[in-house]
Number of protein chains: 2
Amino acid sequence: MSTPRFIIIKNFIEDKINAGEFTPGDRVPSENELCQQFSVSRMTARRALQSLNDEGLLIRTPGLGSFVAKHRPISTLLEVRNIADEVHERGNSYSAKIITMTEVEATSQQAAMLNVAAGAILYHSVIVHFEEEIPVQWEDRLVNPALAADYLLQDFNTITPNAYLSKVAPLTEASHKIEATLVDQTIASKLHIDTRSPCLQISRRTWSAAGIVSIATLIHPGDRYCLGGHWKI
Amino acid sequence: MSTPRFIIIKNFIEDKINAGEFTPGDRVPSENELCQQFSVSRMTARRALQSLNDEGLLIRTPGLGSFVAKHRPISTLLEVRNIADEVHERGNSYSAKIITMTEVEATSQQAAMLNVAAGAILYHSVIVHFEEEIPVQWEDRLVNPALAADYLLQDFNTITPNAYLSKVAPLTEASHKIEATLVDQTIASKLHIDTRSPCLQISRRTWSAAGIVSIATLIHPGDRYCLGGHWKI
DNA sequence: TGTATATGGTTGTATATACAACTAGAATTT
DNA sequence: AAATTCTAGTTGTATATACAACCATATACA
């Protein structure tokens with residue numbers, strides 16, 4: 001049994017929603033209809049619908065049926081995302097630039113994040129990400145040279161730093177902090193932007209297999225960089 | 001059958017987690033143990049555990065058991081919350097002040113939100129919420145006097161505007177937009193704060209039964225007003 | 001001592017069944 | 001014509017059962 005049957009049914013419905021065949025408000029097949037269509041028991045068909053209901057894509061009403069929800073759940077907006085993908089999805093040009101690369105001795109905090117001894121030699125690089133030539137993200141990257149010797153030898157003119165990372169090791173940890181602040185002095189002066197620029201989100205990501213920690217600050221956000229959600233009760 | 005049995009079991013476990021009896025990493029009772037303890041079938045016990053797993057409170061591993069998750073899911077941080085509750089939870093003093101109350105003719109947008117005809121008479125009030133005497137939220141409230149005559153007669157020195165609302169009608173809709181901007185000129189001048197103050201979150205809430213729409217802006221946010229999440233993969 | 005193997009306990013998937021609660025519309029009655 | 005009742009279809013809850021997949025430990029064997 002490769003993929004469970006209830007997952008197949010779930011994907012079947014989810015795909016139709018995403019493709020626009022089922023639009024918000026539409027009724028999707030009932031449990032019994034799915035039973036016949038896929039030759040499964042009601043509990044199996046039910047599980048597919050229930051799962052989509054739990055995820056907020058369907059609204060199920062006793063006596064009526066299951067309907068495509070009119071509002072997408074907020075959680076889908078808060079996934080751990082790659083800024084390059086996000087920019088490309090908007091059809092804009094993306095580029096990144098490494099502006100510094102220095103050797104540092106790990107502070108105790110840094111050491112803990114990368115699981116090395118305090119005082120160990122690490123590389124600290126600053127990467128700025130651009131959307132349409134406008135800086136949108138400032139990223140501090142700490143690299144453990146013992147694990148990531150490869151990383152230091154890469155030519156980031158031919159491969160973006162993020163693309164290399166996602167190829168080499170899986171993301172193992174991520175924390176986001178969504179906070180409104182003004183950009184700090186360092187960032188403002190390096191990027192020649194106003195210290196009045198608000199910044200939105202600070203995220204820390206760890207690729208432990210590659211020995212890399214990234215702390216990113218989303219700067220200069222506008223409508224394109226807001227998070228939101230909508231509930232109807 | 002008042003409350004479903006699987007809900008009872010689910011609450012039983014959830015309560016123990018919240019009370020600290022089960023701490024992150026702990027193993028919770030297995031499906032079979034719950035069967036005996038609550039005299040239910042395995043499918044019922046399973047459903048309670050599965051539900052907690054889906055919500056991210058438990059991690060279930062085949063062959064091992066169900067364990068309390070080490071990281072809370074981000075969604076729980078984004079609930080529709082009451083600012084008064086939030087301030088009180090921090091042990092700080094909360095107060096609110098109605099600073100204007102004017103009669104307006106509904107624009108087409110406003111009319112649509114409250115389901116009245118464009119041009120209908122509405123009341124527009126501005127409420128500022130304080131934490132420890134510091135303004136933290138600016139709220140524009142639109143009130144349909146046909147439905148909310150009561151509201152206009154309240155003495156908000158003895159009951160806070162929010163407390164009255166939650167007593168009188170259920171919240172029916174809410175949308176949040178999390179965005180980093182600077183406070184606008186109007187707010188800055190009325191509250192005598194710097195136009196450089198960042199603001200974080202804009203939320204719109206609707207109490208349709210009471211004919212009230214509220215648009216709130218969270219101003220002057222600091223560490224206390226950030227949202228965040230943490231994932232471990 | 002080290003390596004297989006067996007075992008008991010756990011979660012995952014799936015079926016068949018039963019009854020309850022709810023809805024809309026049809027059929028019936030008043 | 002209007003109100004009531006019935007009915008078919010839907011989701012919700014719950015049980016009993018079966019087998020598969022996985023894990024840690026204990027046991028048997030080499």
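This is a predicted model: local features need pLDDT of at least 70, side-chain atom pairs count only at pLDDT 80 or more; totals for chains, interfaces and linings use all residues.
## Aromatic pairs

Phe12(A) has a relative accessible area of 22%, so Phe12(A) counts as partly exposed. Over all chains, the count of aromatic pairs comes to two. One of them joins Phe12(A) and Phe38(A): the ring centres are 5.2 Å apart and the planes stand at 75°, so the pair is edge-to-face. The cut-off for that label is over 60 degrees. This pair links distant parts of the chain. Phe12(A) belongs to helix α1 (residues 5–19) of chain A, Phe38(A) belongs to helix α2 of chain A, and 26 residues separate them.

Distant parts of the chain are linked here: Phe12(B) lies in helix α1 of chain B and Phe38(B) in helix α2 (residues 31–38) of chain B, 26 residues apart. Phe12(B) is partly exposed at 23% relative accessibility. Phe38(B) is partly exposed at 24%.

## Arginine over phenylalanine

Each chain also places an arginine over a ring. In chain A, the charged end of Arg47(A) sits over the ring of Phe6(A), 3.8 Å from the ring centre. In chain B, Arg47(B) lies over the face of Phe6(B), with 3.8 Å to the ring centre. Arg47(B) also reaches the DNA: one of its polar side-chain atoms lies 2.5 Å from a phosphate oxygen of DNA strand D.

## Surface near DNA strand D

DNA strand D is surrounded by 29 residues. The closest are Arg42(A), Arg60(A), Arg5(B), Thr44(B) and Arg47(B). By residue type, the surface near DNA strand D divides into ten nonpolar, ten polar and nine charged residues.

Further contacts involve phosphate oxygens of DNA strand D. Arg5(B) uses its backbone: an N or O atom lies 2.7 Å from a phosphate oxygen. Ser66(A) uses its side chain, with a polar atom 3.1 Å from a phosphate oxygen. Several elements give two or more residues to the surface near DNA strand D. In chain A these are α2 (31–38), α3 (42–54), β2 (58–61) and β3 (65–68). In chain B they are α1 (5–19) and α3 (42–54).

Conventions: Residues are numbered from 1 along each chain as its sequence is written. Chains are lettered from A and ligands numbered from 1 in the order in which they are written. Side-chain values use heavy atoms; hydrogens and water are left out. A residue is near a molecule or strand if one of its heavy atoms lies within 4 Å of it. A polar contact is a pair of N or O atoms within 3.5 Å; within protein, one must be able to donate a hydrogen and the other to accept it, and residues adjacent in sequence count only if both atoms are side-chain atoms. Helices (H or I, at least four residues) and strands (E, at least two) are DSSP runs, numbered from the N terminus. Ala, Val, Leu, Ile, Met, Phe, Trp, Tyr, Cys and Pro count as nonpolar, Asp, Glu, Lys and Arg as charged, and the others, Gly among them, as polar. Rings of Phe, Tyr and Trp (its six-membered ring) pair if their centres lie within 6.5 Å; planes under 30 degrees apart count as stacked, over 60 as edge-to-face and the rest as tilted. Buried means under 20% relative accessible area, exposed over 50%, partly exposed in between (1.4 Å probe, protein chains only). A charge sits over a ring if NZ of Lys or CZ of Arg is within 6 Å of the ring centre and within 35 degrees of the ring normal.
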